[in-house]
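Look over the structure, then read the points below.

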Amino acid sequence: MATMAKFHMIPANFHHRTTQSPPSHLGFFRSSVLSDSVPPFSSRRAFLQQCRSFRTEEGKDKKNTNKIVNFNNTVKKSLQGAVKSLIFSKDSMDRLEENLARIALHLGRYIVTMMSTGVILVTGFNLSGGDGQMNDLIWYSWAGGIIIGTMIGSNMVLDEVSRAGPRNVVITGSTRGLGKALAREFLLSGDRVVIASRSEKSVEMTIKELEENLHEGMETEANSTRKNLAHAKVVGTSCDVCDPNDVRNLANFAVNELGSIDIWINNAGTNKGFRPLLDFTDEDIQQIVSTNLVGSILCTREAMHVMGNQHKAGHIFNMDGAGSGGSSTPLTAVYGSTKCGLRQLQSSLLKESRKSKVGVHTASPGMVLTDLLLSGSTIQNKQMFNIICELPETVARTLVPRMRVVKGSGKAINYLTPPRILLALVTAWLRRGRWFDDKGRALYAAEADRIRNWAESRTRFSITDAMEMYTENTWVSVFSLSVVCAFIILSSTTTLHGT
């Protein structure tokens with residue numbers, strides 16, 4: 001049966017008689033014969049015309065298709081250019097070289113750590129006397145310690161990498177002593193630092209000095225490190241931490257200059273010498289308490305207010321000192337009581353800010369050769385300082401990297417770690433006359449002379465740094481093996497006595 005096409009007959013003058021649009025069902029018939037011409041007959045004529053809307057959509061589709069193709073080609077070329085520039089540019093090669101150097105450094109540290117714990121493993125085997133059960137116990141302890149230590153070390157490395165970048169740092173009492181050493185170390189790490197002190201003249205002089213140190217650092221460092229230092233800058237303002245208005249002005253100054261505050265260090269403090277409480281004047285007591293305790297409270301409150309309102313989290317450090325743990329501090333009773341009060345403040349803030357993004361921590365520099373420590377010290381004190389004290393630059397080099405990567409809240413950043421204390425006690429006889437002679441005269445170089453060689457001393461690798469670096473990642477292994485070795489020795493001793 002032949003198939004017949006059915007067409008609607010439309011009068012020639014249809015468009016003169018009505019302004020209504022044709023019925024919507026006519027669109028169904030337009031797709032069958034788009035280009036057929038129908039000859040006119042009688043007074044009516046049949047015609048087929050391509051729908052204008054269809055032509056428009058088809059044209060739009062073609063244009064859109066061309067645009068998409070062109071866009072894809074543009075994106076493809078851009079990606080190819082970006083990949084080429086990323087692979088072959090000098091900056092990318094410098095970054096690649098820097099990353100490879102970091103990987104090699106971490107692998108080297110891990111290998112040395114494994115070798116160190118391997119010595120303990122072999123020692124344990126020798127002490128076991130060939131006992132199979134003891135050897136298994138030593139082996140499992142070593143393997144478990146290595147696994148846990150590796151996890152701890154990996155977490156530290158990943159955290160350090162993830163938190164890389166410049167920090168915005170505020171340091172009170174930073175125109176001399178440890179505060180200035182901390183500011184210099186942050187600056188040489190590529191951070192932006194705000195220094196503060198009571199004297200505006202001291203602030204200006206310190207800024208010039210630190211800018212010179214930064215310029216010298218950029219000249220001596222490699223290209224990759226030099227680019228990190230390019231973001232560093234130092235600014236400052238005068239601030240009396242005992243005055244709430246000055247503290248607010250300091251916080252506003254830091255926000256205006258840096259945009260936000262990542263780290264706030266309450267370093268401002270005073271001691272007024274070593275003498276009995278009866279020898280302290282009213283002004284001495286008031287200044288010690290106002291600077292050490294009231295000033296730290298005011299600064300902590302203002303820092304928490306600023307950090308709580310900014311997008312990213314921040315961290316506050318209060319400096320520990322003698323008496324912070326509640327121990328007695330004869331001849332420095334006022335100073336010790338303020339440091340004990342700061343420890344109580346720390347424990348209270350940990351509970352208050354449990355759900356806050358602001359971290360509150362303590363930093364313990366130990367005994368540092370500064371005017372604060374040496375004021376009023378006796379010859380006997382200085383002989384003790386030879387054993388346990390360190391220069392501000394040495395302490396800052398250890399504290400700053402840990403402050404930069406701290407997370408959470410309630411952390412304690414200490415300089416006098418167990419490896420350092422152990423080394424100081426073991427080598428006490430070698431440390432005599434290190435800083436002072438028998439008459440109490442200083443033997444160490446002045447700050448200006450020390451800073452001239454800051455680049456060399458900063459890159460020098462000390463024994464205590466090595467000890468802490470190699471033990472902090474595998475302390476579980478060392479501890480477990482030490483317990484096992486002690487158990488073996490005690491067991492063998494008991495057996496000998498029994499026989």
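The points below are grouped by topic. This is a predicted model: local features need pLDDT of at least 70, side-chain atom pairs count only at pLDDT 80 or more, and totals for chains, interfaces and linings use all residues. Residues are numbered from 1 along each chain as its sequence is written, and side-chain values use heavy atoms, with hydrogens and water left out.

**Aromatic rings**
- The structure holds two aromatic pairs (rings of Phe, Tyr and Trp, its six-membered ring, with centres within 6.5 Å; planes under 30 degrees apart are stacked, over 60 edge-to-face, the rest tilted).
- W435 and Y444 have ring centres 6.1 Å apart and planes at 85°, so they pair edge-to-face.
- F436 and Y444 also pair edge-to-face, at 5.8 Å centre to centre and 90° between the planes.
- Ring pairs join W435, F436 and Y444 in a cluster.
- F436 is buried, at 2% relative accessibility (buried means under 20% relative accessible area, with a 1.4 Å probe and protein chains only).
- W435 is buried too, at 10%.

**Charges over rings**
- R275 has its charged end over the ring of F280, 4.2 Å from the centre (NZ of Lys or CZ of Arg within 6 Å of the ring centre and within 35 degrees of the ring normal).
- The charged end of R420 lies over the ring of Y415, 4.5 Å from its centre.

Key. Buried means under 20% relative accessible area, exposed over 50%, partly exposed in between (1.4 Å probe, protein chains only).
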